[in-house]
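Please look over the sequence and the model before reading on.

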Amino acid sequence: MVNEFKLKQEICEIGRRVYAKGFAAANDGNISCRIDDQRVLCTPTLTSKGFLKPDDICTVDMTGKQIAGRKKRTSEVLLHLEIYKECPEVKAVVHCHPPHATAFSIAGQEIPSCILPEVEVFLGIVPTAVYETPGSQAFADTILPFVKTSKVTVLKNHGTVSWGATLEQAYFWTEILDAYCKMLLLAKQAGGVERITEPKVEELLDLKERFGMGVDPRRITNADLCVNTEFGRGFNGGCGCSHPAIPAEAIASGSLTAGQMDALVQEITNRIMESIK
Ligand SMILES: [Zn+2]
C-alpha cells in the first residue's frame with residue numbers, strides 16, 4: 001500500500017533541491033509521482049518549488065482532472081501524464097528550467113555526446129523536443145517520440161523533463177545533465193572540447209550492459225554514437241571525432257585545395273572575431 005503522505009513529503013524535498021540548484025526560478029517547474037494506475041500526485045501552479053508543504057500537493061486522474069488538493073494543479077501536468085501513459089514502469093517525473101541544459105536548446109545546439117563517461121553510461125543521447133506553447137496538449141505530445149528511448153529530454157527554448165522509478169532517480173537525471181552542460185560551456189571557454197574516441201565509448205556501453213543497465217538505444221537502432229561533434233571544436237580539431245581538421249602538413253606545404261583554403265580563411269576569421277568578443 002502506497003504511503004501518500006510520504007510521497008508528498010518526497011515531492012517537497014525534490015522541490016527544495018530543484019529550487020536550491022537554481023533549476024526553477026520563482027514558481028517555475030513541476031514535479032509529480034504516480035500513486036497507482038488511476039492517480040498521480042503533482043505540484044500546484046503559482047507556488048515556489050523551494051517552499052512546498054505536503055498539504056500543497058494536488059491529486060489528478062489520468063486525464064489531468066483534479067480530484068484532490070486545495071490548490072490548483074499545474075497546467076504542465078499533461079506533459080507528465082503522457083510519460084506515465086506510455087511507460088507503466090515510470091513512477092516519477094521532474095520538469096524544470098535548468099539554465100545550462102536549456103541554454104543549449106536556445107542556441108539551437110543538440111546536447112553533444114562522447115565526452116564524459118558518466119553521461120554515456122547514465123544518460124546516453126539526450127534529445128531535444130520541438131517547441132510548443134507550455135501547458136497545451138500539443139506541448140505534452142512533443143515528448144512522445146523520446147519517452148521509450150530516453151530518461152531525460154530537453155524541451156526547446158523552455159527547460160527539461162526527466163523520469164524514473166523514484167522521485168530521486170528522476171531528479172538525478174536532470175542534475176547530471178545540467179552539471180554536464182555546465183562543464184561543456186566551461187570547457188568551450190577554456191579552449192575547446194575534446195572527445196572520447198568511438199572504441200572507448202563502445203567500452204562504456206559494454207560496461208553499461210554489464211552493470212545491468214540495459215542496451216544503449218544507440219546500439220539497438222544502430223544510430224550515431226556521437227552527436228553534435230562540432231560543438232566546442234578547437235582550431236586543430238581538438239577531438240578524436242569524425243570531422244578531421246585540415247592536416248597540418250597540407251598547411252605547411254601550401255598544398256591546400258580551394259575548399260580547404262576557404263575553410264582555413266573562415267576558421268581564422270572566426271578565431272579573430274571570437275578574440276575581439
Ligand atoms: Zn516549464
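## Basis of the model

This is a predicted model, in which local features need pLDDT of at least 70 and side-chain atom pairs count only at pLDDT 80 or more, while totals for chains, interfaces and linings use all residues. Residues are numbered from 1 along each chain as its sequence is written, and side-chain values use heavy atoms, with hydrogens and water left out.

## The zinc site

Three histidines coordinate the zinc ion through their NE2 atoms: His95, His97 and His158, at 2.1 to 2.2 Å. Donors here are N, O and S atoms within 2.8 Å of the metal (3.2 Å for Na, K and Ca); water is not among the atoms, so sites may look incomplete. Along the chain, the donors follow the spacing H-x1-H-x60-H. Helices (H or I, at least four residues) and strands (E, at least two) are DSSP runs, numbered from the N terminus.

His158 counts as buried because its relative accessibility is 10%. Buried means under 20% relative accessible area, exposed over 50%, and partly exposed in between (1.4 Å probe, protein chains only).

## The disulfide and other cysteines

A search of the whole structure finds 1 disulfide, the term being used for a pair of cysteine sulfur atoms within 2.5 Å. The bond joins Cys114 to Cys226, with an S to S distance of 2.1 Å. Cys114 lies in the loop between α3 and α4 (117-122) and Cys226 in the loop between α8 (217-221) and α9 (248-253), so the pair ties together parts that are 112 residues apart in sequence. Both Cys114 and Cys226 are buried.

Cys42, by contrast, is in no disulfide; the nearest cysteine sulfur, that of Cys58, is 4.8 Å away. Cys42 counts as buried, because its relative accessibility is 0%.

Helix α6 (residues 167-190) has 24 residues and reaches 35 Å from its first C-alpha to its last, close to the expected 34 Å. The expected span is 1.5 Å times one less than the number of residues. Among the buried residues of α6 are Leu167, Trp173 and Leu184. Gly191, whose phi is positive, near 145°, follows α6.

Glu203 lies in helix α7 (residues 198-210) and, at 43% relative accessibility, counts as partly exposed.
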